[in-house]
Amino acid sequence: MMKKSINNFRPSCIHDNKEPAYSSTGYILPCCWCDTGFILEDEDFKSIVQEKFKVENVENISEIMESDEWIDFFKFEKIPMICQRYCSGGKLKEVVYD
């Protein structure tokens, strides 16, 4: 479930130049922390973990990372729980549920 965090969220993938990760399932992910055992079933990532974004289905990684879905993901209008966990210091004080 995605939540909108108001305090303490500082995504390392944007602010700390944390590198994207290549998962064993064949996807590029925002970082290694996103590579969980349930990533393919995680509603928080369904927009960027689509069959069309598998590395084997693109000519160039930029097709993935410059897609509308990835651009929208990085707006962080809704923040996946895994991102909140690792990029908020675990100190979320105010959360609005969608």
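Residues are numbered from 1 along each chain as its sequence is written. Since the model is predicted, local features need pLDDT of at least 70 and side-chain atom pairs count only at pLDDT 80 or more, while totals for chains, interfaces and linings use all residues; side-chain values use heavy atoms, leaving out hydrogens and water.

The chain is built from four helices and four strands (DSSP runs numbered from the N terminus, with H or I over at least four residues for helices and E over at least two for strands). Read from the N terminus, the order is β-α-β-β-α-α-α-β. Of the 98 residues, 36% are buried (under 20% relative accessible area; exposed is over 50%, and partly exposed lies in between, with a 1.4 Å probe and protein chains only). As for contacts (heavy atoms within 4.5 Å), 57% of those with a separation of 6 or more join residues 24 or more positions apart.

Now for the inside. Setting aside residues up to four places away in sequence, C34 touches L29, I39, F45, I82 and C83.

On to the charges. Side chains of opposite charge can pair when their charged atoms come close. The whole structure holds four salt bridges (a side-chain nitrogen of Lys or Arg within 4 Å of a carboxyl oxygen of Asp or Glu). In one of them, R10 pairs with D16, with the closest N and O atoms 2.6 Å apart. R10 is partly exposed at 44% relative accessibility, and D16 is partly exposed at 41%. Another salt bridge joins E69 and K52 at 2.9 Å, N to O. This pair links distant parts of the chain, 17 residues apart: E69 sits in helix α3 (residues 68–73), and K52 in the loop between β3 and α2. D72 also has a partner, K75, at 3.2 Å between the closest N and O atoms.

And K54? This lysine lies in the loop between β3 (28–29) and α2 (62–65). K54 is buried yet has no salt bridge, and the nearest side chain of opposite charge (Lys and Arg count as positive, Asp and Glu as negative; His and the chain ends are not counted) is E51, 4.3 Å away. Beyond its neighbours within four places in sequence, K54 is in contact with T25, G26 and Y27.
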